[in-house]
Structures are given as structure tokens and as C-alpha cells.
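Please consider the structure shown here.

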Amino acid sequence: MQLPILESINLMAVLPVLIIAGWACVLLVFDLLIPRSRKHWTAWLALVGLLGAAVALFFQIGHFARLGSEAAFDGMVTVDGFSIFLQVVFVLTAIVGVLLALDYLPRHGIERGEYYVLLLFTTIGMMIMSMAADLIVVFVALELLSIPLYILSGFAGMRETSEEAALKYFLLGAFASSFLVYGIALTYGGTGTTRLTGIAQAVTSDALNLPLTTVGMGLLLVGLGFKVAAVPFHMWTPDVYQGAPTPVTAFMSVGAKAGGFAALIRVLVTAFPAIASEWGTLIAVIAGLTMLLGNIVAISQSNIKRMLAYSSIAHAGYILLAVAAAQRSENASFAIGAVVFYLLAYALTNLGAFTVAIAVERDDGTGTEIDDFAGLGKTRPWMALAMALFMLSLTGMPISGGLVGKVFVFQAALQAVPGDPLLLAVVIIGVLTSVVSAFYYLKVIMVMYMREGEGKAVLPLALKTVLAATAFGTLVLGIIPGPVFQMAQRAMLK
Amino acid sequence: MNSLFSLIPLVVFFPLLGMLINIFFGRMLMADENSKAPGVIASLMAGLSFVIAVLMFVALLGEPEGVEVPFMTWFSISAGSRTLSIPWTFKVDTLSSVMMLVVTGVGTLIHIYAIGYMHGDIDEQASKRGLSSDEAFDLKRRRFPRFFAYFNLFLASMLILVTGSNYLVMFVGWELVGLCSYLLIGFWFDDPIVGIYNSMAGRKAFVVNRIGDFGMVMALMLIFWTFGTLQFDDVFARAECMRTASQFECLAVDAAQMVETSPNFSLMFGFGLLQPISFGAITLSFQTVMIAITLLLLLGATGKSAQIPLFVWLPDAMAGPMPVSALIHAATMVTAGIYMITRSNVLYAMAPFSADTVAIIGAATALVAATIAVAQFDIKRVLAYSTISQLGFMIAAVGLGGYVAGIFHLATHAFFKALLFLSAGSVIHGIEHGHHATAHKGHGDHAFDPQDMRNMGGLRKHMPTTIVVYIVGALALAGIPPLAGFWSKDEILLDASKHDPLIYILLTIAAFFTAFYMGRQVWMVFFGQPRTEAAAHAHESPPVMTTPLIILAVLASIGGLMNLPFGRLHFLAEWLRESVAYAHVPAAGEGFSITVAVISTVLALAAIALSYIIYGTKPLQEGQADPLRVAGPLFTFLNRKWYWDEAYEAVFIRPFKCLANWLAFTIDWRFWHDFVHDSVIIQFFDGWAAILSRPVDMGIVDGAVNGIGRLVAGASSRLRRTQTGYVRNYALAVALGVVAIVAYLLIRFFAN
Amino acid sequence: MGEWTFIALLFIISLILPAVPIIAGRLLGPRKPNPLKNSTYECGVETVGDTWVQFKVQYYIFALVFLIFDIEVVFLYPWAVAYHQLPLFGVVAGIVFIVTLAEALIYAWRKGALEWV
């Protein structure tokens, strides 16, 4: 007798994940053989694995552009354009994460091979998150994503802030995870399945268990809202972003957020289209609150990492706005395209901004105040120019990916207004808070160019590469967004 | 589709790659003083591009109807169901293939030539500035790669122009070549003596071209408004349809097909196509709109192809280094206008009035520029005016509908004019060397102009290769059979004689002058005795410069083979028929007229003979005035270029400056500043301020303003205070959020 | 009712079973306390000092490493039971699982987690 569960494994569909997973396991042991003074070998090896996955992804792009989606592991995961697009983002982010750490870790005396291995593991979590087609997989992926990040946040163990960040992140993360699990349990109780498509069918066919399912959906929202740092589940963000080593912060602010959004979209759009107006309103309100709080509190920050943390909260709000717009099935594809595009634009811009922050940070962990940027316009004109570009992109000024992303998000939301008038109010909040955000983003530019200062920065080749690549990407997304947006729209899950 | 076609993007990307390499690694590549690496890489990229062009040609032999190779969507704007999308598609057809071959082929040769020339040019600059050897090396390290980066960028831009499948992509190329032209004209903007003139020349080229671009942009908008698309094929198909059938019918027949091919249909449905074309407040007939479009396109062409009235920038553009003049301002960029009109032949066929205007402008330019060339002394200026004149020939040809003749002349002209410019460069290079040799002995002076033909003479002994190729080029230009120029010019004249006697006469006279000024130049430069020390010490250029010259000379000799007007030898005509709908290919026996050929040949020989009598029998002596000075005021008139620049100065620039001055001083300063601002407003304000300042003094206004600021800041810091740092508080926030969400969902659920 | 009754019964029985000996011991046993009897029993070693002390971190690490085997057994048991019916992939999956755990053990070992400092 053959066991039925083993019939449709389809390993090829998850090849990039397998490559990284296998490589991470090998690297973990291999790292034991690498002498302490040569830990950068581990970094390069990790890069090799990531590049391998990138190559696999590259081949999958064409494949899935033709075929649409493919299920694997008996329908537990779905690989489609959406997940491929996001996996590209994750792998790129991980590559940047490695490059950023190359000089940072030894400079701060915290170089250990585990950094790179953990980075690979959390990347796997994100990638699985983007292809999860079952609530159980969502949970497993979420934990796989989170646990390495808890450790990475505390990677600079001798610094108290780092330790504090790790503990806070862990405690609150576990707290939020518990809600997620509870949500899964309630949903299962209400529908009798954890498969997303199965839930969608059950919700439409069986009205009896709807309250249970609806509350379950609400709790799922909490668990994922925590990951994307939406108000009121955002409180951990500033403390953790500030305390964690900066490369980890950079990686986390982009990867974990994108992972959260990937799961959020998949769960809401695939499993709960029948109660779209419920979650639509809820998310619209959360989006409005998030934009307001993130942008307003960011004004009074003097620490660049903390400022970027609040900025990251604010941007989660903008993306949530597009998620809320996906409630109308007619423009779901546009809205999802907008989310994915925004995530890419935000990833490039934010990684770039953190790169500059890393370059300015001093060996003892100080140098993260915005005032430390003074004088950079003179001493490091190119870097300052790139930073100015990133700040403009985050504000949403022209010729940057940030502007295009915002335009798409607002357009998506406006298209959905007929279904949910509340969205109009949230769009207005979004536009107004974008204006407010100019205040603290432009402050960085002003400090760099107008204020006299030492303008000290260490910019090794790896950081230069990242900086050039992210700045280039930001510009490209700003100037010719067409092809990427088309890809993003085609990435829509079916 | 032949899979070779999919290589076409490379034709643009090889030069782009070359540019990037030279930008980022150029300094590194310049290992030492004599390093040629940047130039070699640039030439290699140009050569690879040429290979791609040849492959396209081969592929087209099998599929002469041509293809469009999609590359990417440049932008796509969708609003609801309407979409405007501009794809960047490569159009490979027989017309663009001819352009590609000319651009990359001649381009490659000039790239190779430039390796030698620019080394010499930069050395010359360094000595002009009196730089030490280290500084000179530094200058070379910066400028040599920069030149080739610009050059490769130009090549890429020109190829974008000719391969674009819609007007907008073509316009992008159009602007990019303009940019390269600007950058390269002012390449020596920091020359200690003439730098300011170089940059002024660049600026002039740029500004004059903007006038032409105004026409282009307006034409593009009109085309989009009228046809709802910018794709060449769609525009022509729709134009064709709107001409032959009634508009209503056309719509019905075309509708299904259009919906399939273009999403713009719904957009058009609102305001195009139907009956007369409506522009909101006014409505014009289709005919009028077509005339407007084609005339505006013509304005663009007169800018880029240096025709009356916008030709004034091209002579000044000779301030750029010689390879620039040869490649951009003779062989390729300036022919963009001819290419554009040929590409739009369908539109011109519908607007006979515009086509006639094109022909008249071309013929007039040909004649005017040829007469000016007769009275110039600068070797490059003669060639510049000659270029304008020859472009006039081509424009006249396409205006008459002789698209084959126009493109044929474009190709042969690219060969022999590039040849002439490069040989002139070789001459100047030689003279400069000669000048150096003497300057070291204390003879030279800085006012010495190595381009003035009066400073030359007797160079045939020192430059044996250059004189041969120069004479080949000159004879080709003069139209002496069997060189390339004869065949192409003859075809234009034949077309003109059939369609419009006036144009034929103008062009024939222009051809006479052409032969004359070329004869004058050859006698003045190469024969007689050296008129300066520099000329006496000139020497031949290195092989890296002369080899391309020899290749070009061969091409200029046998280029006519591509389109002999005899029966099946009429290759180019057959070739272009595939892509130029209105290319009238003459039937057998009509392609050649012995009368026209004899007349033009005899006139050319006569002109050369005349120049021999005037300049050849009694060579110019040192300090002697030009024999043509006997014509007195007429000669001055020609020498001053018909006072064209002065006329512009008087008619446009001075009134404009007067207006600007008046606005600045009288209106802005005296009226606004002195009167309105200083008197009226300030007194008004002073008065009111006295009244208003009372509450300000009392702190009311300050209070209000600061209050708002404090409100935002207060909100910010108060909200920040929620960030207590205690995990328990954070967890409480999460829990409260959960309660709120669950409560909302349950209330909402049970409320329903 | 139905099968839920048995679950309820099971629940009650599972409460009663441990409760009975505890209560019986309390009821039946004689009670003669002395200091020695009241002292904390720790593996036969006499305890010294306060019980509210910091444990050596090695205890936790050992416990964690032990979990590797613990979980391995839990998962391998059903695997072993169904072994005959598994296709090749099932066997490979089991091996991958064992190898992964072994790797974790090697890592912990090399990092010195098994050394008592």
C-alpha cells in the first residue's frame, strides 16, 4: 500500500528553498571547521548559496510566467508568480544582508559564522511564507522566520540594548504567535480545514460557523499584523530596530515585513474573500492609524535607526492601504500588484538607507544619531547623494521608486472606494501623512548638506556595491516602473 | 520570424556597454601615455554593432517585409479601461537596415580613425595649455575615455533613432543624438583660447535644434490626437484608411482589427477618427491636419538636418574635433531628418503641399549652401557648407517622392563626406605637427590657424596617401562618373527633371558650384607651394588614421554599385520598396537618362576646369588675396554666408534682447520694484503694520502660530511617551488591539 | 453523549488515579517529622545553602540537547511502524530528518555544549 500523502511532492517547484535550506545545513557544520579569524569565508559561502537560489529562481520566473501556479507537497504550498516575485525580493534582501554584515560584524567584534547561517534560515521562512497555502504552513513559516530573527537581534550580546531587543522581540513575538495559533484553531473549528482554498469554500457554503471563523480571521490578522508592525501591534519595532545590530535591522525591516505581507495577502485574499468587507474595513482602519502614528512619532526622533523604525511602521500603513483595496475582487490584481511593487521599492530604498546608517555608525555602536550625518555632503558627496535619493524615495518624491509605489497604492485604494467609502478617508490620511513625512526625511538631507560636521563614514567595497545597486534600483523603479509593475501585476495569485 | 532578428537589441547595447566601460573603467584602462585601450574597446563595440547590422541584413534577405522585435514596455499608463502603452520595439525592415549598416559601418571606421586623431588632438591641447608631462597624462586619462564614451553613446542613440518602431522612441533617439552632438561640439569647452567659442557653438546647436524639436513634439501630439497611437505601422494604416474610404466606413472596417491590435481604440473612439478632426474648440479637416503634421515634422527635419531656415548651427558645430564632424555632422546624425521623412512617406503622400515645400526647401538649401561654400577659407567650413548643400539634395529628393534616391545619396554621401572630413582631419593633423616642428624653433605664433586653407598649399609632397583619398572623395562629391556620388546625385537629378523643372535647375546649378568649390579646395590645399612654415613641415598621418581613409575611399569609389540604374542592378530600389510604401521604383529603362547624366557630368567637369584656371594655373602665393575677390561685394556676401547670422541677429535676437531688457529694467525694476513694490506696497504695509502690530506686540499672533506648531510637536512627543520600554505595556497594547478587533468583528457580525 | 462520554470518563479516571495514592498516603501513613526527613532530597547529596539559587546554564543546555533525542524518538516511532509501507521517498525523508538532528548534535558538540565547565 502506498501512503496517499506522498503522491504530489513536486520538489522542483520549491527548488530555491531547498537549495538554501540544504546549503544552510551544510554551512552550519562547515562553519565549525573554519577558524575564527576566517569567518568571512562563511559569508562568501552563504552568498554562494543565495546566488544558487537566485539562479534557480531565475529559471523559475520563465517557467511560472508560462504555467501560472503549481502546487507542491500535496497542496500545502503553492508556487506562483506572486511567490516567485517575493522570493526574488527575499533572496536579494538576504544577499544585501550578508554584504552589509561583511565588514560590520568584525568591526564591532561580533563576527560569528552563525550570523550567516541564521540569515539563511530566516530567509527560508520568508520564502515559505510567500508560498504557504495552508494555515499550518503559515505558522511553521512564521516561526521559522521569527526564531532566527530573535537570535539575530541579540547578536551583539555584549551590548545591553541588543540583548534587550532580542528578549523583547522574543516575548512579544511569542505572544503574537499565540494569537495566530489561536486564530488557526478557531478557523479550523469553524471550517474543518486549514487549507486556504478549503476555508474559502467552507465560508461560503456553511454559514453556521461563521462567527468562529470570523474571529479566527481577526486573530490571524493580529499575528500577522505584529510581523508587519501595524498599529497597535507595532510597539516592539522601535526598541528592536534600535537595539539590534544595524545589518539585522536592515534585513528585518525589509524581509520580515515582506514576509508578513505575503502571508497576509495570501490568507485574506485566498481564504476569506467571502468576508472581504469585514477585513477590508478593519485593515483600512489599521492602515490609517498606522500611517498617522508612524509618521507623527517619527518627527520627534533623533536616532536614525529609531526614525527608520517609525518610518517602517508608516510604510506598513501605506502597504496595508493597498491590502485593504484588495477586498474588491475586480481590482484585487491591481492592488496586489501595488503591494508587491511597493514592497520591492521599499526594500531597495530602505536597504540603501540602512547601508548609509551602517557606514556612519562607529565601532562602539554610537554614531546612530541623525546629527552624526552632519557634513557628509562634503566629505562623502556620492553617499550623501544616494542617501538623499533614498530619503526622497521614502517621502515619495519624483524619479524614485517610492513615488511610483505610493501612486500605485493610492490608485488601488481609490479604485476600491466605490466598495468601501471609508477608504477615501484613509487615502486622504495617507496623502497628508506623506506630506508630514517630508519633514523628518528632509531633515536628514538638510543635516547632511547644510550642517557643518566631521562627516565621518567608513564605506568599504561591499557597502559601496550595495549602495550603488540600491540607488540604481530605486531610480530604475522611479523612471521605468512599467516592466516591473507589469511583472508585479502578473504576479497576482490565482 | 528568423531567430537572427532577436539579436537586434544588441545593436544598441554593444555601444552602450562600450560607453559604460569607458565611463567607469576608462581611467583604469589608460595605463600609460600611449594607451589606446578605451578607443579600441569603443571601436570594438562599434564593430560588433556593425556585425549585428550585417546579420540583420542577412536575415532580411529571407524576410524582406521586416519584423518588429519586442523588447520591453517603456511605459504603460492605464486609467480604467483605457491604456496608452509605448513599447520599445525594434523595427527591423529594409529601411532601418540600410540606416543601421551606414551608421555602424561608417561609425566603426571613424571610431578607429579617432583613436589616432584624439591622441594627437589631446597632445595638441596639452601643449597649448603648457602642461607638464604628468598633467598632460592626467588630461589624456580624463579626456580620451570621455571622448569615446560620448562617441559610443552617440552610436547607441543613433541606432535607437533608426530602429525605434514608434515616433516616441524615435524622438528619444532624436534628442539623445542632439545631446551627444552638444557634448562633442563643446568637447574642448576649456580650451584656453577658443574654449568659449566651442561651448557657444555647442549651445547654438542645442538651441537651434530646440526650435526643430518644438515642431517634432507638436507633430507627435497631433499624430497621437489624430490616430490615437504613435506606432509607425498603426499610424500609417489608419492614415491610409482615413484617406481612401469615408471615415465612417473606415471605422467600421477597421474597428475589429484595431481592437485586436491596439488597446488605444477605446481612447480614440471619443475624439479621433470620426469625420473632421476635432480639437475641442476648433475642428479641422483631415487634409489640413495632415498638412500641419507633415509641416511640423519638416520643421524638425530642418533643425536636425540643417536646412533653411535652421541650418546656421552646423557650420559652427565644426568646432568639435574632426571625427565628430565626420560622424555626427556629416555622415549620420544630420541625415536623421531624411530618414524621418522617408519613414513618414505615407503621411507626406497625403499632403502634397507639404511634400512640395520639402522639395523647395531642400533645393534652396542646396543652392544657397553651395554658393556659400565657394567663398570660405576654413577647410572644415567648406566641407560643412558642402554637407548642408548635399543634405539639401537629399531633402529635395524625398520631397519629390524620390525616397530611394534620397536614401541612396544619404549612403554614398556618408562614405565620401566622412572620407573628406577625415582626410581634412589628416591634413590639419599634419599641419599642426608641422606647426609644432617650427614653433619649437621660434617661428610659430599662437594665432596660427591650422584650418585656414590660406595657410596650406603644396601638401601633396608631404601627404601622399591623404591627397589620393582626398581627390577620390572630392571627385565623388563633384559627381564624376563612375564614383559613388555620380550615381546617387544623378538619380536625384533625374527624379527632379521628371517632376519639377524648377527644382531640377536649382539642383543642377548647385551641382556646378559643388564641383567648383571642391576643385578650389584641392588646388588650394594640395598644389602650388607651401604658404607657411607649418605647411612646409607637415607630414603624413599614422596608419591608424590612414587605413580607415583608404577603406572609405574604396567605398566612395564603388558605392554606386549598390544601386546602378540599369534593370536588375537597381538593388537599393528593390530593397527599399519593401518598407517604403511610396518609393516609386522606375520601370526598366526609365531609371537612367543619358541627357541628365551628360549635362551634370559636363557641368561638373567644366566647374573643375574653371577652378583649375583660377587656382591651379596660378597657385595662391603667401599673403595673396583670393582671386575671386574681383567679384567684390558679391564675394563678401558669400563669404559672410549671405549675412544669414547677422539677419537672425537683427530680426530675432536683438528684438528679443530689447524686449528682455525692457521687461527686466522698465517693467520689472522701475515699475514693479521701484514703483509698485517700494512705493505702493511698502507704504501700504508700513501703514497696516503699524495697526496690526498691536496684537502681535501683545503676543496673540505669535501665540496662535506657535500653538499649532506645538500641537503637532506635542502630539508627537506625547505619542512617543506611549513607548515606555516595558514589555508588559507593549503586550497590553497588543491585547487591547485583539480585544478591539474581536469586539468589532463580533458586533458587526451580530448586528447584521 | 456518544464518544464524548468516554473522554469525560477518561478525564475523571485520570484525575482519580494519582489522587488516590496521595490521599491514601496522607490518611494511612504515620507522621513523625524530624529535620533530616524534612531536608531536601537531591540525588543522595546533602543540599547546601538556599534552594533559590542560580543554576548552572549547562543544565539547560543539556536539557535542550536531550530534546533532540526526545523529539527524534517521538517522530521516528510512527515512521518505524509504517516502515514497510513507505515508498522510497518516505525512507529518504526519514533519513533527512535523522541527519538534520544529527547535524544539530554535531553542532552542539563542537560548540562545547556537552562539556561541563
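The account begins with one chain, turns to an interface, and ends with a single residue.

This is a predicted model, in which local features need pLDDT of at least 70 and side-chain atom pairs count only at pLDDT 80 or more, while totals for chains, interfaces and linings use all residues. Residues are numbered from 1 along each chain as its sequence is written, and chains are lettered from A and ligands numbered from 1 in the order in which they are written.

Chain A contains 19 helices and two strands; helices (H or I, at least four residues) and strands (E, at least two) are DSSP runs, numbered from the N terminus. Chain A has 494 residues, of which 64% count as buried. A residue is buried if 20 or more other C-beta atoms, placed from the backbone, lie within 10 Å of its own.

Two residues are in contact if their C-beta atoms, placed from the backbone, lie within 7 Å. By that criterion, 32 residues of chain A are in contact with 28 residues of chain B. On the side of chain B that touches chain A, β1 (67-79), α27 (700-721) and α28 (727-751) of chain B each supply at least two residues. The largest share, 15 residues, comes from α28(B).

Within chain B, helix α4 (residues 133-163) includes B:Arg143. B:Arg143 counts as buried because it has 20 C-beta neighbours inside 10 Å. The C-alpha atoms of B:Arg143 and B:Gly26 are separated by 9.3 Å, although these residues are 117 residues apart along the chain.

How values were computed. Buried ≥ 20, exposed ≤ 12 C-beta atoms within 10 Å, placed from the backbone.
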